[in-house]
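Biologist: I would like to learn how to read strands, helices and aromatic rings in a model such as this one. Could we go through it feature by feature?

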Amino acid sequence: MDAKVKRKPGGFEVILSKALYEKEAVFAATYALSGLCRNRVEPAQAGYVKVTLELLDSCPDADRARVENKFMNELIDQQLRLDLEKRYGAIRRLIVQQAFAPLDNLKAAVKKIVGRD
Amino acid sequence: MPFRFSPVASNRMLVVNEVGEFIFLDRQTFERLVSYDLAPNTGIFLDLKGKHFVTDTAVTPVIDLLATKYRTKREFLKSFTGLHMVVVTLRCNQRCNYCHASSQPTDQQRWDMTPETAVNVVHKIMESPSEVIKIEFQGGEPLLNFEVVKTVVREAKRLNRKKNKHLDFVICTNLTLVDAPTLEYCKKEGITLSTSLDGPKEIHDRHRLMRTGEGSYDRFMQNLHFSRSILGHDGVNPLMTASQESLSHFNEIVDQYAALGFQGIFLRHVNPYGYAQNDATIQSFVYPMEDFVEAYKKALLYIIELNLAGTPLVEGYACILLSRILTPFCTGFVDLQSPTGAGINGVIYDFNGEVYPCDEARMLAKMGDRRFYLGNVNRDSYLDIFTSPVLQELIEVSCVETLPGCHSCPLQPYCGADPVRNYAIQGDLVGHRPTSDFCMKHKAIIEFLLELIDQDDPGVMDVFWSWITNRTLAEVRGEAPCSN
Amino acid sequence: MGVISTKTSAWFNGKPVIFLAGSPDNLRRLPFRPWGRKNLAACIVPAASKFTPPPKIPCIFDVPRDYCADLRDGDVVLIAPDGRIMVVYKAGSPYNSILATNRCNSLCVMCPQPPDRDPDDLYENNLQLISLLDPKTTEELGITGGEPTLLGEDLITLVQTCRQKLPNTVLTLLTNGRRLKDLEFARALVKAGSPNLLIETPLFADNDTEHDAVMGAKGSFYETLQGLHNLALLGQPVGLRTILHAMTIKRLTQYAAFIYQNLPFVFQVAFMGMETRGLASKNLAQLWVDPFDYQDQLAHAVRYLARRMVPVSIYNHQLCLLPRELWPFARKSITDWKQAYPPACDTCSQRECCGGIFGTGEKHSAFLRPIS
């Protein structure tokens, strides 16, 4: 099981596999929900991390039912953003560099990052 | 190629590249995109390729094109501090209850800028490397210290004989004190007036009160016509502030602006600065940002209809965002920029010569928190002020590329940061996006505009472009007789 | 090669003159007999004329009378060794151009004039042609191909020559811009043509896959883009054009969007109807879309650019095949000698505003009809 959800009164607890979700994604997802919940991230059994989300009193009723879903979707989105950033972050930095201080040999720089030009 | 994404209300994925080109994809297509499952000769792949989200062939030229576009988008970085706000007095003959300018009674001249300070202010302004300089007189009510306004204008024009910059002057006035000599002077010197009009009488007079307690509307209207008769129809431009009561009357406010023949309206929410959050008066005009956004959306659609029915009226806020979204050019807007416009593109000089990156920072100082004080024109050099560590810090914490919640947000190319506001409301410069109403407002309105653009209704698009390019609908549509 | 002339003034500027003999009026207009003049290059003698040729003057006899009637003062004609007469410049026409070369580095799928080898004297003839033109009346002159930039340094010289001999003439160079990816070459070209040079470049898609397929040249899309950016950097005005057919029509708005985002500096985008001649005729099955059927796509793309203040022109389209909202964008663009009006146009109220059809084209829309 990569993500096990346990409902609790006023919130829920999720056990996440570190193999699937990286620390940055877990933190980013809990950050995104920090307007609605009080969150805690802590280590669980080896290879897993536990996230506890307790709904804030100020959390609107309409959101209460959806928080769990929202969190899981957010988590996947954040992990995907992280994956894309890993793959393309270097290109992004290259674009900015080329914009303000053009490289002598852009082709070579691209080849080094992408493997082709 | 790099891009950012986020699900939107229509249950689709919004995908935006580094320079703000965007596309909406249904979930399935998005998943195929990120799992490299789109065939290179399909229409959707080519659409993505044309917008530089993907490439199956050359990479280097694509990076070069993106870099060129990125540079164009950031051109505002070249024009350092173009907007200079000068608070010539804190005195005001009005006592608007949502005013955050810490206005003072009209008889207390110690709140006036002195001519000596004014001259020092002008010298600092004219040292700015920007080719275009706009000097905005604020208050209080600047007309109460008009001699200093004149001093600034005279001194700036004198110095500009050597500097040759493009120089603009604007006086922000409630109009209640204008008289013929003042207006004749403005006309002669090429000064325009910026004023405040919140809506029809009932709405306007609810908050915009004279110091004596009565409403200011009637006098305002009388003087608006008088001012126009001397300065010309477009010599006076109004700003509105939306209080709680206005939210349900946006259409009437819009109608009034249209009836008065103004070119545009800027639907602006009230700023909750300058008050203790539990202040009793604040309750009379604040509202949750969600309510503003809903009212804004409805009003925007109404304004579009009005335009299509033949009444040209620009909504200023949408116009700025649309320019960011739809054009490859850069759009300066001090309140929404990355890095922040405060201090970089705009700066404010208080009556006593103190310099702050923006009005909110000045207000904080009035309330005892001098966190953003940059220096004083009477004591410090231009370099001391504009390379102050405060300013550097502001820039560092206002690049959306690095802010939590912003760094992977697809709306980043259209948005900006306001660290002073973050500090004022949330207590630190970086701020907390999930609970920020600034973030909530911009997200909601930008996504709303993106959806409207995506619907591609010819009428709506014609109106949007008439705003962006400052043309009539007929011009946008290229309507002209056969000229062959 | 020489200039057709019946006026006195032409005999004193030293340029070779070709005299339209056998029309007694022409002779009467001159206060002298031209036969002894050094710059008399040749005579053209209409059919059935009683003209007796003076000795030692090359004459072309039996030229059809209606052909002669078309020749006007200022026209430049080239007389081939075999006696064929070619008009290489028509005075007063806005469509004159110099064919710089027949060679090309691309092979566009709809090319009306497929690449060919050049005659040996093409370049010299072009230089001579330029020297024969009247700088006062030559307002516009095109330089076309083939691909003119294949001339390399010779193109620079050609443009310089135009600039020197015709300082006020607006030159329009038609090039695919691939070679202009070389910044130094682009710089030399811009310098030679400045300030009256316009460059028009074909661009067919918003991506290399489709553009390269139309151009028949892999890698050409990014070369052209690099060339265009070089020209923008040099402050050179550039216009873009695309030809509408099955391979370009489907994603026309995306094409427009690409231009606005990446090439917002262009002074014009021209959407051109296809001349069904040459390769276009050969590949017709693959390319043909009746203009009647692509009105929506064209209208959408045109409005897309017009909203964004990118000037748009529609070339080679008949008004009866365009929605009325597009009429202001339509230009009478078909070269006079190719222009034709089928019988349907006889009763059309808009005939004067309309550019007609390509008389040289093989296939035309099935929906041509008079507008009342």
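Biologist: In which sense do β4(B) and strand β5 (residues 132-138) of chain B pair, and over how many bridges?

Modeller: Strands of a sheet pair through backbone hydrogen bonds, either parallel or antiparallel. Here β4(B) and β5(B) pair in the parallel sense over five bridges, and B:L83 stands opposite B:K134 in β5(B). Strands (E, at least two residues) and helices (H or I, at least four) are DSSP runs, numbered from the N terminus, and two strands pair if DSSP finds at least two bridges between them. Please keep in mind that this is a predicted model, in which local features need pLDDT of at least 70 and side-chain atom pairs count only at pLDDT 80 or more, while totals for chains, interfaces and linings use all residues. Residues are numbered from 1 along each chain as its sequence is written, chains are lettered from A and ligands numbered from 1 in the order in which they are written, and side-chain values use heavy atoms, with hydrogens and water left out.

Biologist: Which other strand is joined to β4(B), and by how many bridges?

Modeller: Four bridges join β4(B) to β11(B), and these two strands run parallel; B:H84 stands opposite B:V347 in β11(B). By contrast, strand β11 (residues 346-349) and strand β12 (residues 354-356) of chain B run antiparallel and are joined by two bridges, with B:Y356 in β12(B) as the bridge partner of B:I348.

Biologist: What is the order of the strands in this sheet of chain B?

Modeller: Eight strands form an open sheet in the order β8-β7-β6-β5-β4-β11-β12-β13, with mixed pairing. The edge strands, each pairing on one side only, are β8 (236-239) and β13 (375-376) of chain B. Helix α6 (residues 180-189) of chain B packs on the sheet, touching β6 (166-172) and β7 (191-196), and its direction makes about 125° with that of β7(B). Contact means heavy atoms within 4.5 Å, and such angles run from 0 to 180 degrees between N-to-C directions, the axes being lines fitted to C-alpha atoms, for helices over the stretch in contact.

Biologist: How many residues of strand β4 (residues 83-87) of chain B are buried?

Modeller: In a regular strand the side chains alternate between the two faces of the sheet. Five of the five residues of β4(B) are buried, so this strand is largely enclosed by the rest of the structure. Both faces are covered, with B:L83, B:M85 and B:V87 on one side and B:H84 and B:V86 on the other. Buried means under 20% relative accessible area, exposed over 50%, and partly exposed in between (1.4 Å probe, protein chains only).

Biologist: What are the edge strands of the six-stranded sheet of chain C?

Modeller: That open sheet has the order β4-β3-β2-β1-β5-β6, again with mixed pairing, and its edge strands are β4 (59-63) and β6 (85-89) of chain C. The twist averages 30° from one strand to the next. Within the sheet, β2 (residues 17-20) and β3 (residues 40-46) of chain C pair in the parallel sense over four bridges, and C:I18 stands opposite C:A42 in β3(C).

Biologist: Why does the span of helix α4 (residues 153-165) of chain C agree with its number of residues?

Modeller: The expected span of a helix is 1.5 Å times one less than its number of residues. The 13 residues of α4(C) should therefore span 18 Å, and the end C-alpha atoms are 18 Å apart, which agrees. Its buried residues include C:L155, C:I156 and C:L158, and the elements that the buried residues pack against include α3 (122-132) and β8 (140-144) of chain C.

Biologist: How many aromatic pairs does the structure hold?

Modeller: A pair of aromatic rings is described by the distance of the centres and the angle of the planes. The structure holds 27 aromatic pairs over all chains. The rings of B:Y257 and B:F262 have their centres 5.5 Å apart and their planes at 50°, so this pair is tilted. Rings of Phe, Tyr and Trp (its six-membered ring) pair if their centres lie within 6.5 Å, and planes under 30 degrees apart count as stacked, over 60 as edge-to-face and the rest as tilted. B:F464 and B:W467 also form a tilted pair, 5.9 Å centre to centre with 45° between the planes; both lie in helix α17 (residues 458-468) of chain B, three residues apart, about one turn of the helix.
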